[in-house]
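Thanks for coming, everyone. Let me put the structure on the screen.

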Amino acid sequence: MKIYNVLQYGAKGDGKTNDAFAIQHAIDDCAKHGGGRVVLQSGYVFYSDSIKLKANVDLHIQKGARLKATSNIDGYIRPNKLINDPKTALIGNPVTGKPSFVFIYGYEADGCTISGEGVIDANGHAFVARKDRYYVTGDFYPRPTVMYIEKSNHISFRDFTVVDAPFWTLHPAGCDDVLIDRIRILNDLDVANSDGIDPDHCSNVRILGCHIECADDCICLKTSKGNSEYGPTENVIIDGCTLISTSAAIKIGTEGVGDFRNVLVSNCIISRSNRGISIQIRDGGNVENVSYQNIIIETRRFCPDWWGTAEPIVITTFNRDENTQSGSIKNIRFFNVTAKGENGVLIHGNADNIIEDITFENCSVTLTKTSKWQCGLYDLRPCLDYGVEKFDNSAFFIRYAKDVKLLKTKVGWGNLCDEYKHAVDAENVEGLELLRFDGTAAKPDIETCKYNNVSLI
């Protein structure tokens, strides 16, 4: 493999000089000669405007090297301007569009790679300000995405660390054959929208052995409106990850105009998160064939600024607005999942769209109060008809569903609050099956299972 050292192209690596021209020159030269490795050498801090990856180029950040994003918004690549109508407004675009600003950008860059054990410093605090003690946001939206790779196949991201993202961290869109292996994302837990990994209209994705800490979602599968020219998000494996989030650790949605199918999640540990696993459908996309197994979940309420009320597992489909009919959710499996936190499992469809075929087997759900925040709530946002709703908390809270099975599953209680009630609270459910189910209510004078318009198997 031919090596292209950015120092030989004039980069200073002093943390002050803008090295974008030298880095880009090395990438362009590498691509022109058929590909190879562009090296950011250890011991240097490369301060840079945006850079554009090319096909078959490995951007390799050595251990001890740091690539730091510019604090000057005018130094960022603007995909909307490059691909779409140049007159498109660049600041204030909805999050469902293509990114307004990107630090590391690739388009039709088949075979590109970002590797090495160095650090990408996204310089996020240049673009945010504190709202209160729990929440940081910015004065424009969406803020810069750290890595956005679009319409590029056979791409890899390996071994590096990202810190201080101002917005989404790694966003592949319209890509096939995506490998994300042993990367670390260490974002502050109070910076809004600093998602970890967001595969969007992507297929054949493997996310393996990653550690992610971030405000908002750690791993979120999307089919966004802005990239709706691409296909579904499908054939996804997430394995061996450790995750900490102030929103959901692993989520499907809410941006979901296209379908999601064939997803396997296994051997992950979720800790100190506002939510664990979430499937949130608010647009026309459908979800089917998703399996979660061998997962440990620990949740706690963070604060009301963030979506979620410490639900370890959420499966919901609601219309986003009066002009949007939400998609369907069916064939979702949970095996050997242990959940402990301040709230229980939430499954909530709607009268026009019933959630179907949900199985919990060899699972455990324990409710225990650990934070100062209010109990007796479920967060159904964003949607047309609901917000954060007051309901007693149960281990399983089920509405508008069909063929739900709780097999060899256990419910437990720790530190109680007054709103902790039933092992199962089900309403408008057809075909609920409890087989070798082990659970009681939170208190002896409360019924274990509360049913309204439920047919049992």
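This is a predicted model: local features need pLDDT of at least 70, side-chain atom pairs count only at pLDDT 80 or more; totals for chains, interfaces and linings use all residues.

Residues are numbered from 1 along each chain as its sequence is written, and side-chain values use heavy atoms, with hydrogens and water left out.

Cores first. A nonpolar core is a set of buried Ala, Val, Leu, Ile, Met, Phe, Trp, Tyr and Cys residues joined through side-chain atoms within 4.5 Å. Buried means under 20% relative accessible area, exposed over 50%, partly exposed in between (1.4 Å probe, protein chains only). The largest core has 107 residues, and Phe-334 and Phe-396 touch the most other members. A second, separate core has 8 residues, among them Tyr-134 and Cys-303.

Now salt bridges: a side-chain nitrogen of Lys or Arg within 4 Å of a carboxyl oxygen of Asp or Glu. The whole structure has 27.

Take Lys-32 and Asp-29. Their closest N and O atoms are 3.8 Å apart. Lys-32 is exposed, at 65% relative accessibility. Asp-29 is buried, at 16%.

Next, Asp-190 and Arg-130 form a salt bridge, 2.7 Å from N to O. Asp-190 is buried too, with a relative accessible area of 13%.

Then Glu-311 meets Arg-275 in a salt bridge at 2.9 Å, N to O. Both Glu-311 and Arg-275 are buried.
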